[in-house]
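Here is my note on the model, as numbered points. Please read it alongside the coordinates.

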Amino acid sequence: MRIGLFIPCYVDQFYPKVGIATYELLQKLGCEVYFPSAQTCCGQPMANSGYEYLSKGCDANFIANFAKYDYIVCPSGSCVLHIKDHLHDEKNEALASQIRERVFELTEFLTDILKVETIEGNFPHRVGMHISCHGQRGLKLSQMSELNAPYFSKPEQLLKGIKGLELVSLSRKDECCGFGGTFCVTEEAISVKMGQDRIKDHEEHNVDYITGFDMSCLMHLEGILKRQKSPIKTIHIAEILNTIC
Amino acid sequence: MLKVKVHSEASADFNKDIPRVDWHDETLWFVREKRDKAVFQIPEWELLRETASQIKNNVLANIHDYLIQFESNAKANGVIVHWAADAEEHNKIVHAIMQRQGVKQMVKSKSMLTEECHLNEYLAEKGIEVIDSDLGERIVQFRKEPPSHIVLPAIHLKKEDVSETFHEHLGTEKGNNDPQYLTEAARLHLRDTFLTRKVALTGVNFAVAETGEFVVCTNEGNADMGVHLADVHIASMGFEKIIPQRNHLGVFLRLLARSATGQPITTFSSHFSKPRVGKEMHIIIVDNGRSTQLGRDDFRNSLKCIRCGACMNTCPVYRRSGGHSYHNAVAGPIGSILAPNLDMSKNADLPFASTLCGSCTNVCPVKIDIHDQLYKWRQVLVKEGHTSIGKTLAMNGMATVLSKPMVFDLAGKAGRFIMEKIPSLISNDLNSWYKQREMPAPPEESFREWYSKNGKESKSQNNG
């Protein structure tokens, strides 16, 4: 099983440690992992701003980089959802369609494809989970609070085996943090207010860390936490899972 | 006329008073939680949503036939049916009815359609006074404000604001914020209105094609009080309010109030089928852009909306920006997919007033794919030119950098170099990220740089 590691552009540039944790974790779990080095961005920043027509170059580059892998795995729900929903190739739509089916967010890849029950790592801290919207409501990584349906959570399931990790239950389980791509600058006031409110919920539950499966949301929350000089830190779930023994 | 502020500006203004924003957010979240409690008591809730969605899909696919059937049955019941192509025609029809009656006053229960048509303003110009009888609507009417929410029109106001308004308009005691006292004052004021009005206008929640009857849902009984005491009942409805059969009410009435306020059902669900002896009943069926929306494949199903407001209560942006920031009769997520259909240039900002979190779509009792439509409206608005040149240039630049690996690598290195060496070039007031957030600390190397040194391929050159 050959895995193409899809590292979001901003993770590549600003959070290489998340890419490294994902890469190492998959290797520890026995996967054959490659990073196609000419990959760039999934095209979501343009598409969500209304310029989907400008994301064709990104689509072509993505396909060129990832076509040959059995699975494409990425530590970001949002970027994966974008590929799943919007990747196209006018010349070879069948190939684009195959890729859309082979791309997975990291935690769902672990639970659904590798059939990992849980991860035995070590992270002795109080942790709040930020459930990012695209992963939750788009990829269905966990049950959303809006539906009258049985509860499940793939990322939580994985964290259950982490020694010392105390996962708190937030007051608003799955409220958006306000990042929203370019929304974070075009609607700056609301974006920041949403982020501050999300942080407050974690603060009220005395967390040491906020974790999640989308670094973009965590980057936004981290920016606010640092401005507030808060002791709370952000950490991508891959970094916690990579403490696997 | 004052320039209408775009959503981002209006919501920034709203956020100048943070305690009020918190209060607004918590009040509406409380309604969302009430909705959850009510909904989770119904094991077949998701099936009900699916059923409602399919009934509405059927309606939209056969709307012509259902409307004709409804008209014919309503006429047979003795109701006078009018058709209005747009807001102006609707308002003219109402005015003509008033003129025939020779009256200058009207009592009106809640109707978002008349807000959409700006009926009150139109009639005021003709010298006709409209009194809104829904308590929340009456409050905002006193204040010369539009409703900020389709179900809770005065949800942006605190009881202190209401007390001030009633003191000014109804002569209540200054500073008396007791809700009981204030409600009593409104009740007395409206009682007089109900007794003296000859014409009463109501909205329509559901119009039943097979019977020609319609249903109006209120909690205050104000629609009933108005029409029972008047000689003429005018009911205004957008044409999408049709449902095929009376028994479909068993689906929609179960969904409506639970979604709206977490009540099992509205206090009053009044069925109107024919005028009382010697009285008149009119129905005005309004298009006002609905045919256009029906013709847009991607946006057609926005017409399934039953106006419960659940998408507003759940929307984290709406809760923190207030209804008025949407500068449209219908605010929130649903308003943001309906408004561009009416006027793209005036409402080009609204589909962008969302993080696309998708909560709206999943509380919607008729399963409108609201957040997907927000995304699709963004594409349409950009294609139709409702965007700034600056944004287009920026997006083109971004597309170039992000689609070309060499350029991306260089730009990344340059960017991180600048962030490291000259942070003030990025961390400044012109960068709206930096206004209230720190920039991420630039790492020494990117992941790709790390991988080129430490990755499998560099370790054993024969893979890949």
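1. Of chain B's 464 residues, 47% count as buried. Buried means 20 or more other C-beta atoms within 10 Å of the residue's own, with C-beta atoms placed from the backbone. This is a predicted model: local features need pLDDT of at least 70, side-chain atom pairs count only at pLDDT 80 or more, and totals for chains, interfaces and linings use all residues. Residues are numbered from 1 along each chain as its sequence is written, and chains are lettered from A and ligands numbered from 1 in the order written.

2. Chain B has 22 helices and ten strands. These are DSSP runs numbered from the N terminus: helices are H or I, at least four residues, and strands are E, at least two. Its C-alpha atoms fill a box of roughly 95 × 55 × 45 Å along the principal axes.

3. The domain assignment of chain B, automatic or from a database, gives domain 1 (42-288), domain 2 (300-383) and domain 3 (405-458). The C-alpha centres of domains 1 and 2 of chain B lie 22 Å apart. Their contact (C-beta atoms, placed from the backbone, within 7 Å) takes 22 residues from domain 1 of chain B and 20 residues from domain 2 of chain B. On the domain 1 side, H3(B) gives the most, with six residues.

4. In chain A, helix H11 (residues 188-204) and helix H12 (residues 215-227) pack at about 80 degrees, axes 10 Å apart. H11(A) and H12(A) are therefore roughly perpendicular, a term for angles of 65 to 115 degrees. Axes are lines fitted to C-alpha atoms over the stretch in contact, and angles run from 0 to 180 degrees between N-to-C directions.

Notes. Angles under 35 degrees count as roughly parallel, over 145 as roughly antiparallel, 65 to 115 as roughly perpendicular and the rest as oblique. A residue is buried if 20 or more other C-beta atoms lie within 10 Å of its own, exposed if 12 or fewer, and partly exposed in between; C-beta atoms are placed from the backbone. Two residues are in contact if their C-beta atoms, placed from the backbone, lie within 7 Å.
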